[in-house]
Amino acid sequence: MALENAVLSANQSDVEACLVERAPVEADIPTRAAAESTSAALFSSVRCEDSQAINSKGVNDGFVYIIGASSSLIEVLDLVRTVAPTDSTVLIEGETGTGKELIARSIHEHSKRRDHCFVKLNCAAIPLGLLESELFGHERGAFTGAVARKVGRLEAANLGTLFLDEIGDIPLELQPKLLRVLQDGEFERLGSTQTQRANVRLVAATNKDLSKLVAQNQFRLDLYYRLNVFPIRLPPLRDRSGDIPLLVMHFVRIYSERMHKQIEWIPREVMEALVDHSWPGNIRELQNFIERSLILANGNTLRPPIGEFRQTTEIDSLQPITLHEVERHHICKTLEQVHWVIGGPSGAALRLGLKRSTLYARMQKLGIFKANQVAGNE
């Protein structure tokens, strides 16, 4: 599918890293029903002359930095709107670089706790010996170097939201203490016998399959059940390729401003290559690639090193992949193409040459589900 040259405007303020920039089309996106046609329209005309001309009313209303047209993203935002007003624990699942922290922040900002702290902790980034202290705090003298009492992230997040990223990396010995917090809201600082209480809403994220970790005795089953109250699965970028032009233009504007460059054109063949690439590192990889492209850019036309894509494809082709992974990817792509319609003459079952019941069974076995099915809306 052909893309016209993209025209960009330098009039764009620097904003926080986002999943999808405001839709750079000439007319507002009027309703959610129009979202499906919006991504298709980007392939025929990608134009942005005024960053304030378009708003997200009716599609991603209320999400300033998460604006896109793909159905999978809209379904995720619907889940955020559904669960945010509650105090329920949320488990955000998705590959690295898909924007899990941004979704967690959106849950907090749409909750009753929005006026209190959003505290985050990456469980994989803290050494094992310090993670307990970081999470629960410690008393003076609790260990060598503990010269003063320290308030942990739990206490800091009181009345607000605690975001635990990479929850699958939390060690087994700490999991019972976290489970107690989820069940009773109680914990003790390291080196103390005094019970503390914290009124905290927990949002966790992982790029791992926690059920597999449970089967391998690397994650407690009871903790998994407590975390998995309301799961939200973020789609990888390859499954929402219609949003790539929006992301590309967003990052081009940001880095153009930071590097004091004037990039006004993205050639058609460049955008096609960016859309066709699989982006195994998802949005983070795309962002870093665009930053590198701006560093190399001369003149007002973006000409990134797309030759790297062929090298990546050659390397990826050497990596082993299971039949289940191939099947899951093929089914997901087909479902995305038909907007998750299962039956009927234009449904995924017919395209895949399967009975409707067989496709449902395969989806269940492979862990494929439409996002809003998790909430019981279907």
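**Side-chain contacts in a predicted model**

I'll start with charge pairs: the structure holds 19 salt bridges, where a salt bridge is a side-chain nitrogen of Lys or Arg within 4 Å of a carboxyl oxygen of Asp or Glu. This is a predicted model, in which local features need pLDDT of at least 70, side-chain atom pairs count only at pLDDT 80 or more, and totals for chains, interfaces and linings use all residues. Residues are numbered from 1 along each chain as its sequence is written, and side-chain values use heavy atoms, with hydrogens and water left out.

As background, side chains of opposite charge can pair when their charged atoms come close.

One of the salt bridges joins Asp-87 to Arg-113, with 2.9 Å between the closest N and O atoms. The partners are 26 residues apart and link distant parts of the chain: Asp-87 is in the loop between α2 (71–83) and β2 (90–93), and Arg-113 is in the loop between α3 (100–109) and β3 (118–122). The helices (H or I, at least four residues) and strands (E, at least two) I mention are DSSP runs, numbered from the N terminus. For accessibility, buried means under 20% relative accessible area, exposed over 50%, and partly exposed in between, with a 1.4 Å probe and protein chains only. On that scale Asp-87 is partly exposed at 44%, whereas Arg-113 is buried at 7%.

Next is the salt bridge between Asp-243 and Arg-240, at 3.1 Å from N to O. Here both Asp-243 and Arg-240 are buried.

Glu-272 and Arg-268 also form a salt bridge, at 3.3 Å from N to O. Both residues sit in helix α10, four residues apart, or about one turn of the helix. Arg-268 is partly exposed, at 34% relative accessible area. There is also a network: Glu-139, Arg-149, Glu-155 and Arg-189 are joined by salt bridges that share partners.

Now the aromatic rings. Rings of Phe, Tyr and Trp (its six-membered ring) pair if their centres lie within 6.5 Å; planes under 30 degrees apart count as stacked, over 60 as edge-to-face and the rest as tilted. The count by this rule is four aromatic pairs. In one of them, the ring centres of Phe-136 and Phe-187 are 6.0 Å apart and the planes are at 35°, so the pair is tilted. Phe-136 belongs to helix α4 (residues 128–136) and Phe-187 to strand β5 (residues 186–188), so this pair ties together parts that are 51 residues apart in sequence. Phe-136 is buried at 0% relative accessibility, and Phe-187 is buried at 2%.

Another pair is Trp-279 with Phe-289: the centres are 5.7 Å apart and the planes are at 65°, so this pair is edge-to-face. Trp-279 lies in the loop between α10 (268–276) and α11 (282–296), and Phe-289 lies in helix α11, so the pair ties together parts that are ten residues apart in sequence. Trp-279 is buried, at 0% relative accessible area, and Phe-289 is buried at 3%.

Back to Phe-136 for a moment. Which residue lies over the face of Phe-136? That residue is Lys-177, at 4.5 Å from the ring centre. The rule here is NZ of Lys or CZ of Arg within 6 Å of the ring centre and within 35 degrees of the ring normal.

A word on backbone angles. Most residues other than glycine have a negative phi, and most peptide bonds are trans. Trp-279, although not a glycine, has a positive phi of about 50°. Asn-282 is not a glycine either, and has a positive phi of about 60°.

Asn-282 is in helix α11 and is buried, at 0% relative accessibility. A polar atom of the Asn-282 side chain lies 2.9 Å from the backbone nitrogen of Leu-237. Leaving out residues up to four places away in sequence, Asn-282 touches Glu-95, Thr-96, Gly-97, Thr-98, Pro-236 and Leu-237, with contact meaning heavy atoms within 4.5 Å.

Last, the cysteines. How many disulfides does a search of the whole structure find? The search finds zero, with a disulfide taken as a pair of cysteine sulfur atoms within 2.5 Å. Cys-117 is partly exposed, at 44% relative accessible area, and Cys-332 is buried, at 10%.

Definitions and conventions:
A polar contact is a pair of N or O atoms within 3.5 Å; within protein, one must be able to donate a hydrogen and the other to accept it, and residues adjacent in sequence count only if both atoms are side-chain atoms.
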